[in-house]
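Subject: Handover of the two-chain model

Dear colleague,

Please find below the sequence and structure that I would like to hand over to you. My notes on what was found follow directly after.

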Amino acid sequence: MTDDRPYPDEVSGPFRTPPFSFDDRLDRRIEVRAFDGDEEPLVAMYRAFDPADRAQGIPPSREEEIREWLAVVLDEGPDVVASHSDEVVGHATLVPDGTGAFELAIFVLDEYQAAGIGTRLLDGLLGQGSAAGIDRVWLTVERWNTPAIDLYQKVGFETTDAESFELEMSIRLSAASVPA
Amino acid sequence: MKVLLGIGGTDDSYRALETTIERATEAADDLTVAVLDNPESDPDPDDVARKAETRLAEASLDADVVRLEGDPGSQLVEVAERDGFDRIVLGGGERSPMGKLTIGHVAEFVILNATRTVTLVR
């Protein structure tokens, strides 16, 4: 399988390598760190996920399907989580697409959205990805999802295909470690 | 019911073929399989047509297999109207490595422009 997706010529970044923490717009202390292998807090987050925030069929809604889907997502590629007082409130992941590039997705619990967490999670994920030698990342997003599209553009994603229900966007990273 | 199934050779189009054959057998639908020029999938339309014919023969279902050349979405919509089909059936989208569902622009065009009922098979 070859990767025939277009990528920007320009490299984006540098991004931050987790762990790091910050205060969100509601002054909640949020920690961003690499996924430590404990799936249960993530399962709890996805069980609490607002069904209205699902996109393109993910995350699944039933616990059994959440676990099956997480097994695929967590298997390969970097995963970064955002926590607030020991609860996982956000998750961003890169999954290999079989061509050397990675597909990105990010999920933030409803009550933690629009607080600057998504930006930091993406920053940490792309930092972790660069550090792991990843240089090409892409994603699809529903065309009407302006807040998500704005967020992706802010970190450097460019639209590569706008002809379907979903926009396709991509970013080029420098595959090198960046100090936090 | 007169059913027009559009397939372009993607995995989801073959899943739609299987489901539609099952349903047509149960409901005695009058099925026509239209092989599309799909810019989003590589397979040779002749191979796709042969595969469809084989599956129909295995299922002992008598259905026409036709080639629709040109823009797949507008061709499907036009044929459905011209030949009095009740329903257009298409694959319901491909899953990305992440599991995200993406719907191709053939499906989008048909959903927005068809004057017949449209079914996307999951």
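Two strands are taken to pair if DSSP finds at least two bridges between them, and the strands themselves, like the helices, are DSSP runs numbered from the N terminus (E and at least two residues for strands, H or I and at least four residues for helices). With that in place, β1(B) and β4(B) run parallel and are joined by three bridges, and B:Leu4 has B:Ile88 as its bridge partner in β4(B).

Before going further, please note that this is a predicted model, in which local features need pLDDT of at least 70 and side-chain atom pairs count only at pLDDT 80 or more, while totals for chains, interfaces and linings use all residues. Residues are numbered from 1 along each chain as its sequence is written, chains are lettered from A and ligands numbered from 1 in the order in which they are written, and side-chain values use heavy atoms, with hydrogens and water left out.

Chain B

The strands of chain B form an open sheet of five with the order β3-β2-β1-β4-β7 and parallel pairing. Its edges are β3 and β7 (117–121) of chain B, each with a single partner strand, so one side of each is left without a neighbour in the sheet. On average, neighbouring strands of this sheet are turned by 25° against each other, direction ignored (axes are lines fitted to C-alpha atoms, for helices over the stretch in contact, and angles run from 0 to 180 degrees between N-to-C directions). Helix α4(B) packs on the sheet and touches β2, β4 and β7 of chain B, its direction making about 155° with that of β7(B); contact here means heavy atoms within 4.5 Å.

As for the individual pairings, β1(B) and β2(B) run parallel and are joined by six bridges, with B:Lys2 standing opposite B:Asp30 in β2(B). Five bridges join β4(B) to β7(B), again parallel, and B:Val89 stands opposite B:Thr119 in β7(B). Strand β4(B) is mostly covered, since four of its five residues are buried, where buried means under 20% relative accessible area, exposed over 50% and partly exposed in between (1.4 Å probe, protein chains only).

In helix α3 (residues 72–82) of chain B, the buried residues are B:Pro72, B:Gly73, B:Leu76, B:Val77, B:Val79 and B:Ala80. They cover an arc of only 170° around the axis, which puts them on the same side of α3(B); the arc is that of the directions from the helix axis to the C-beta atoms. What covers them includes β1 (2–7), β2 (30–36), β3 (64–68), β4 (87–91) and α4 (105–113) of chain B. The helix α3(B) is followed by B:Gly84, whose phi is positive, near 65°.

Chain A

In chain A, eight strands form an open sheet with mixed pairing, in the order β1-β2-β3-β4-β5-β6-β8-β7. Here β1 and β7 (158–161) of chain A stand at the edges, and each has a single partner strand, so one side of each is left without a neighbour in the sheet. Strands β6 (residues 136–142) and β8 (residues 166–172) of chain A pair in the antiparallel sense over seven bridges, and A:Glu142 has A:Glu166 as its bridge partner in β8(A). Helix α1(A) lies across β3 (79–84), β4 (87–96) and β5 of chain A, running at about 100° to β4(A).

Some backbone geometry deserves a check on your side. Most residues other than glycine have a negative phi, and most peptide bonds are trans. A cis peptide bond joins A:Gly13 and A:Pro14, with omega about 5°, and another cis peptide bond joins A:Pro18 and A:Pro19, with omega about 10°. A:Gln56, in the loop between α1 (40–47) and α2 (63–75) of chain A, has a positive phi of about 55° although it is not a glycine, and A:Gln56 is buried, with a relative accessible area of 6%.

The interface

Chain A and chain B bury about 1400 Å² between them, 57% of it on carbon and sulfur atoms; buried area is the accessible area (1.4 Å probe) that two parts lose on being put together, summed over both. In chain A, A:Gln56, A:Glu103 and A:Phe165 lose the most area to chain B, together 37% of what that side buries. A:Arg143 forms a salt bridge with B:Glu108, the closest N and O atoms being 2.6 Å apart (a side-chain nitrogen of Lys or Arg within 4 Å of a carboxyl oxygen of Asp or Glu).

With best regards
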